2 protein chains.
Amino acid sequence: MTKPLGERIRSQFEARILSGELAPGERLPTEAELMQQFGCSRMTVSKALSALADAGLIERRKRAGSFVSRPRVHSMVLDIPDLAEEVAARGQTHRYRLIRRDVSEAGIAHFGPAGGQVLALDGLHLADNVPFAFEQRLVDIAAVPDIADVDFGHLAPGSWLLRHVPWDEAETRIAAEGASGSIADWLDVEPGTATLVVERRTWRGSDSITFVRQHFRADQYDLVARFGQRSASRAPA
Amino acid sequence: MTKPLGERIRSQFEARILSGELAPGERLPTEAELMQQFGCSRMTVSKALSALADAGLIERRKRAGSFVSRPRVHSMVLDIPDLAEEVAARGQTHRYRLIRRDVSEAGIAHFGPAGGQVLALDGLHLADNVPFAFEQRLVDIAAVPDIADVDFGHLAPGSWLLRHVPWDEAETRIAAEGASGSIADWLDVEPGTATLVVERRTWRGSDSITFVRQHFRADQYDLVARFGQRSASRAPA
DNA sequence: GCGGATATAATGTCTATACATTATTGAGAC
DNA sequence: GTCTCAATAATGTATAGACATTATATCCGC
């Protein structure tokens, strides 16, 4: 019934820090003091404090002690799902339509290793046959040789890449932009209409794998990021 | 010189999972097997596997074992800094100009507890005297009584709140929107010009603290999120 | 005072063991 | 067969100790 002791120690300090009772820069008791206070072993308090440190709530310094961190930025978790899955989750039918596919030398697009070949894929994402995203993608063929054989006529490259190519680093840029003529045509909106632009570059090790630029119809898509209570879907006990 | 054993175990499995060598759904060795393989105690492998579980790379089930998670979404860290600090970091001068301040009953704006009072603050953020964000904010006065006494004539409410009010949960929505007439006026752009809209709602416990809606001039602001190698600023050893 | 060696206080890691918890398996009752 | 219940295999938490690491403080020579 009662929560584990280590978890209680952790959540007690979490609460005291978030409530402001423990101010940024303030020093926490040492592990030795805490094991006295809570009547438990050092491993238990150490694990609790390490969890707080992992979460960024405190900083621990040898010989000095543990201190409440100074909050600088709001770090939030942004979930960027596979578009096909997300549309399906909304109960709509996802379709991808390839518009252009060609292979070019790298360098022109400032992407990929010099001299390598780059696959360019332009396409349109549709939900229930309504266009909602125009996608321009570059893939480094050297990093993903298998891709040459895949038919992307109706399969979204993102879905395929997500399943077939491991990556360990990514950077996403989010901006707003008025739709240019051709993009407006594909999205079936007036030129100049606001679109949400998501650009993502993905790496494995130091090799670029793919760069994608997606224009979303603003009336059909937005992004949500959360902080705290990860998975608030838990039912109360 | 050599890294701690537990960390080596953790990073070895991390690499094997990210490289795809261990496929999603695949089962990892049990803790008992791993302590044989690595010649260490159970606590060590247990901590390593728990760290992988915390990072979402594996799932652990009692009696069943540890399994590589199926990657569903790209979880990225989105840093939302204080606007005043961010502008300063770019070497520009930040200024906030209050446009409207009034107190109204809650309920109208679907914010705050019924019957409570809500402070509405509209204002403009300027970088080097160029407007780049129009902000509409609601604050629950019951949750932040001190705010009644603060002069926001030139102090951005977000900066003040970040420093004075602890929160433990937040949700951010990011979208694109054409500027309406009055917003276009404030941002000094043509009506209909694309703006990046960031809406954030912040809670302490179950109480709403503030809701803010910011329209950014698309040509002056974007957001960046990263995954992997947190703080890539580390120099190579 | 000032700089540099040394002691020390705190965290970091690890061992070996114990018992708790829980989902699955499998045996037995029906 | 299928339902129920107990055995079991795995993870979850905790203990008590040991040694490693490292930033800070202190002392000492100058």
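What follows is a short chat about a predicted model with chains A and B.

Colleague: What should I know before I start?
Modeller: This is a predicted model: local features need pLDDT of at least 70, side-chain atom pairs count only at pLDDT 80 or more, and totals for chains, interfaces and linings use all residues. Residues are numbered from 1 along each chain as its sequence is written, chains are lettered from A and ligands numbered from 1 in the order written, and side-chain values use heavy atoms, leaving out hydrogens and water.

Colleague: Which residues of α3(A) are buried?
Modeller: V45(A), S46(A), A48(A), L49(A) and L52(A). Buried means under 20% relative accessible area, with a 1.4 Å probe and protein chains only. Helices here are DSSP runs of H or I, at least four residues; strands are runs of E, at least two.

Colleague: Where do they sit around the helix?
Modeller: Seen down the axis, the buried residues of α3(A) fall within an arc of 165°, so they line one face. The arc is taken from the directions from the helix axis to the C-beta atoms.

Colleague: What covers them?
Modeller: The cover includes α1 (5-18), α2 (31-38), β1 (58-61) and β2 (65-68) of chain A.

Colleague: And α1(A), which residues are buried there?
Modeller: I9(A), R10(A), S11(A), F13(A) and I17(A). Their cover includes α2, α3, β1 and β2 of chain A.

Colleague: What comes after each helix?
Modeller: G20(A) follows α1(A), with a positive phi near 90°. Just after α3(A), G56(A) has a positive phi of about 85°.

Colleague: New topic. How many residues does each chain put into the contact?
Modeller: Chain B gives 44 and chain A gives 45. Contact means heavy atoms within 4.5 Å.

Colleague: How much area is buried between them?
Modeller: About 4,100 Å², with carbon and sulfur atoms giving 58%. That is the accessible area (1.4 Å probe) that the two parts lose on being put together, summed over both.

Colleague: How many salt bridges?
Modeller: There are 2 between chain B and chain A. R173(B) and D222(A) meet in a salt bridge at 2.4 Å, N to O. The rule wants a side-chain nitrogen of Lys or Arg within 4 Å of a carboxyl oxygen of Asp or Glu.

Colleague: Which element of chain B gives the most to that side?
Modeller: β7(B), with 10 residues.

Colleague: Last one. Is D82(B) buried or exposed?
Modeller: D82(B) is buried, at 8% relative accessible area. D82(B) lies in the loop between β3 and α4 (83-89) of chain B. Leaving aside neighbours within four places in sequence, D82(B) contacts G158(B), S159(B), L162(B) and R163(B).

Key:
Buried means under 20% relative accessible area, exposed over 50%, partly exposed in between (1.4 Å probe, protein chains only).
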